[in-house]
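Please open the model in your viewer and keep the selection panel at hand.

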Amino acid sequence: MTLFQKIVAREIPAKIISEDDESIVFHDINPQAPIHVLLVPKKPIPRLAEATEEDRILLGKLLLKAQVTAHALGISQTGFRIVINSGRHGGETIPHLHLHLLGGRPLGWPPG
Ligand code: AMP
């Protein structure tokens, strides 16, 4: 099981914001901004580089869920950033695809 599957199974605690059949949304344990939330599909796709055509609808739903979550957390108007780290150079540390939703302050560009 990946760490995120353990959160879904409630084997590891997390500050869960929402959950449905296909995904779970919870606060990042090490926030990099005032709002830092992870959106995780329950299907353990290791990383974006390994997603397939079969995952097309799921990936679209995750983006729309990020939009809804940003609105619910009050950062829709001020703005937010979605990040997906894929692979070693991308900064991925947990091999279970997830979207980072960051906001609540101006975010720098380019990323480090
Ligand atoms: P990434 O580096 O893109 O793979 O992102 C993994 C993210 O998971 C990091 O931002 C971590 O802070 C976060 N993380 C690790 N363990 C936990 C946990 N138990 N609960 C919530 N977030 C976590």
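Select the shell around the ligand and colour it by residue class: seven residues are nonpolar, seven polar and two charged, where Ala, Val, Leu, Ile, Met, Phe, Trp, Tyr, Cys and Pro count as nonpolar, Asp, Glu, Lys and Arg as charged, and the others, Gly among them, as polar. This is a predicted model, in which local features need pLDDT of at least 70 and side-chain atom pairs count only at pLDDT 80 or more, while totals for chains, interfaces and linings use all residues. Residues are numbered from 1 along each chain as its sequence is written, and side-chain values use heavy atoms, with hydrogens and water left out.

Next, show D28, N85, T93, H98 and H100, which come nearest of the 16 residues around the ligand; a residue is taken as near if one of its heavy atoms lies within 4 Å.

Now display the N and O atoms. A polar side-chain atom of D28 lies 2.5 Å from an oxygen atom of the ligand, a polar backbone atom of I29 is 3.2 Å from a ligand nitrogen, and an N or O atom in the side chain of H98 is 2.9 Å from a ligand oxygen. Of the 510 Å² of accessible area that the ligand has on its own, the protein covers 85% (Shrake-Rupley method, 1.4 Å probe).

Then select α1 (3-8) and β2 (23-27), the elements that give two or more residues to this shell; α1 supplies the largest share, three residues. Helices (H or I, at least four residues) and strands (E, at least two) are DSSP runs, numbered from the N terminus.

Finally, move to T69 in helix α2 (residues 56-72), where the T69 side chain reaches the backbone oxygen of K65 at 2.7 Å. Is T69 buried or exposed? T69 counts as buried because its relative accessibility is 6%, and buried means under 20% relative accessible area, exposed over 50%, partly exposed in between (1.4 Å probe, protein chains only).

Key:
Polar contact = N/O pair within 3.5 Å; in protein donor to acceptor, adjacent residues only side chain to side chain.
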